[in-house]
Amino acid sequence: MANELMRWESDEGPVVVEVDSKDPGYRSVSRRDGNGEIHDVEGRFESALDNVRGAALSALRTFRTQALDPDEISLEFGVKLSAAAGAVIAKTAAEGHLTVKLTWSREGAQGE
């Protein structure tokens, strides 16, 4: 199968992403190169990332409670880009993938 490329415009210039299969929501650019056909995507790259940005903010709010009170929160998830849906959290196997790591440091609590 030939690689397909999707191109979003961004504040920093065009962003080209390789995809494995056709995705609705793009219009073809009559141009082919060695990597396959390039499809221009409607909307901005930053807007496509809004979906996962919202998910990250929601997860951070959930784990930043006084009951947990971690010193550090790490979120890790894969991002899949789709012309129709923007950015979505990529799945691993049959489920969505989101890893949350909470860290507490006893050192800061002892000195106060």
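Modeller: In this predicted model, D11, R44 and E46 are linked in a network of salt bridges.

Colleague: What makes the contact between R44 and D11 a salt bridge?

Modeller: The closest N and O atoms of R44 and D11 are 2.8 Å apart. The cut-off is within 4 Å, so the pair qualifies.

Colleague: And why is the contact between E46 and R44 called a salt bridge?

Modeller: Here the N to O value is 4.0 Å. The rule asks for a nitrogen within 4 Å of a carboxyl oxygen, so E46 and R44 are counted as well.

Colleague: Which parts of the chain does the pair of R44 and D11 tie together?

Modeller: R44 lies in strand β4 and D11 in the loop between β1 and β2, so the pair joins parts that are 33 residues apart in sequence.

Colleague: How do you know whether D11 is buried or exposed?

Modeller: D11 has 60% relative accessibility. Exposed means over 50%, so D11 is exposed.

Colleague: Why are R44 and E46 called partly exposed?

Modeller: R44 has a relative accessible area of 33%, and E46 has 29%.

Colleague: What about R7 and D40?

Modeller: Their side chains meet in a salt bridge at 2.7 Å, N to O. R7 sits in strand β1 and D40 in strand β4, 33 residues apart. R7 and D40 are buried.

Colleague: How many salt bridges does the rule give?

Modeller: The count comes to three.

Methods
Residues are numbered from 1 along each chain as its sequence is written. This is a predicted model: local features need pLDDT of at least 70, side-chain atom pairs count only at pLDDT 80 or more; totals for chains, interfaces and linings use all residues. Side-chain values use heavy atoms; hydrogens and water are left out. Helices (H or I, at least four residues) and strands (E, at least two) are DSSP runs, numbered from the N terminus. Buried means under 20% relative accessible area, exposed over 50%, partly exposed in between (1.4 Å probe, protein chains only).
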